[in-house]
Amino acid sequence: MVTGLATGSDNDTSGAVVSTSNWRLVYRKLKKNKTALFGGYLILLLIVVAIVGPYLTVHDPVRVDLGNRLQSPSAEFWLGTDHNGRDVFTRLIHGMQITLFVGFASVLVGALVGVPLGIVSGYYGGAIDSVIMRIIDVLLAFPGILLAIALVSVLGGGIGNVIIAVAVFAIPTFARVVRGSTLTVKKLEYIDAVRALGATDLRIIVKHVLPNILSPIIVQATLRIAIAILVASTLSFLGLGAQPPSPEWGRMLSDGRNYMFDYPHVALFPGLAIAIAVLAFNLFGDGLRDALDPKTKK
């Protein structure tokens with residue numbers, strides 16, 4: 001979706017008008033997609049609960065209370081307690097902050113590295129393109145989860161290292177998507193016109209190329225958050241991510257797997273929380289991709 005216009009001056013505001021019009025069209029398309037709206041509202045709910053929820057909970061998410069261990073869901077403990085007597089509902093609410101933070105932070109870091117690499121590779125081409133793409137090919141040669149496991153194994157456990165590992169996992173995808181979009185945009189006539197007017201490469205990239213490739217970046221970021229949440233939870237489940245007594249969802253799922261048959265609530269609710277979060281971002285991302293597709297008329 002092209003949002004810029006070839007003009008005789010960089011100060012012309014017509015490009016901004018077109019951009020605003022296009023985003024209004026995207027919003028109208030998105031409103032017609034019920035599943036995407038459901039995913040979007042669910043994401044907003046998760047974010048609000050992650051911000052406000054911890055201040056409204058009664059129980060301590062990490063304090064051990066063996067007198068109440070493995071209690072079934074009740075009026076006092078809405079989702080029951082775990083093997084250490086900690087309220088599962090409280091831990092889920094507090095863990096939501098960690099899970100969403102890891103998802104957003106890792107994708108942001110991956111985009112901050114992958115997007116510039118993709119733009120430089122696609123815009124300049126030649127030897128620069130070859131070198132960058134060979135590095136990306138090396139990263140893509142490893143299955144994503146194995147690459148993340150290897151990096152965390154080297155760096156050590158902890159939320160910070162999980163963010164780095166998941167971010168590295170996301171870099172190749174952003175770089176390839178952005179490179180393809182940049183190759184398309186730089187061939188447009190108005191780019192040649194701006195260059196003929198004396199604009200520098202940096203100005204062209206920042207003011208004309210980047211605004212026109214935001215759509216695939218936004219879509220990719222939304223979808224990658226779902227993957228990041230899943231990968232981060234997997235790492236914590238394997239003991240390579242968040243460490244006890246952290247209420248991270250993957251860690252909670254790992255702690256509850258030994259009690260699945262006798263006390264299923266200990267593992268059931270963290271698993272459902274991960275599934276709901278991943279589903280929300282996938283539904284919204286798919287709908288956003290359809291809405292931003294210029295070929296979609298309805």
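This is a predicted model: local features need pLDDT of at least 70, side-chain atom pairs count only at pLDDT 80 or more; totals for chains, interfaces and linings use all residues.
I started with Lys29, which sits in helix α1, residues 14-32.

Is Lys29 buried or exposed? I looked up its relative accessibility and got 13%. The cut-off for buried is under 20%, so Lys29 counts as buried. I also checked how far Lys29 is from His83, which is 54 residues away along the chain. Their C-alpha atoms are separated by 47 Å.

Next, helix α4. I have α4 as residues 126-140, 15 residues in total. From first C-alpha to last I get 21 Å, close to the 21 Å expected at 1.5 Å a residue. Which residues of α4 are buried? I noted Asp129, Ile132, Met133 and Ile136. They lie on the same side of α4, because they cover an arc of only 95° around the axis. I then turned to the other side of α4 and found Ala127 and Val131 exposed. As for what the buried residues pack against, I wrote down α3 and α6, the latter being residues 159-185.

Last entry, helix α10, residues 249-256. This helix is mostly covered, with 7 of its 8 residues buried. My list of buried ones reads Trp249, Gly250, Arg251, Met252, Ser254, Asp255 and Gly256. What covers them? I found that the cover includes α3 (88-124), α9 (214-237) and α11 (265-292).

Technical notes: Residues are numbered from 1 along each chain as its sequence is written. Side-chain values use heavy atoms; hydrogens and water are left out. Buried means under 20% relative accessible area, exposed over 50%, partly exposed in between (1.4 Å probe, protein chains only). Helices (H or I, at least four residues) and strands (E, at least two) are DSSP runs, numbered from the N terminus. Contact means heavy atoms within 4.5 Å. The expected span of a helix is 1.5 Å times one less than its number of residues. The arc is that of the directions from the helix axis to the C-beta atoms.
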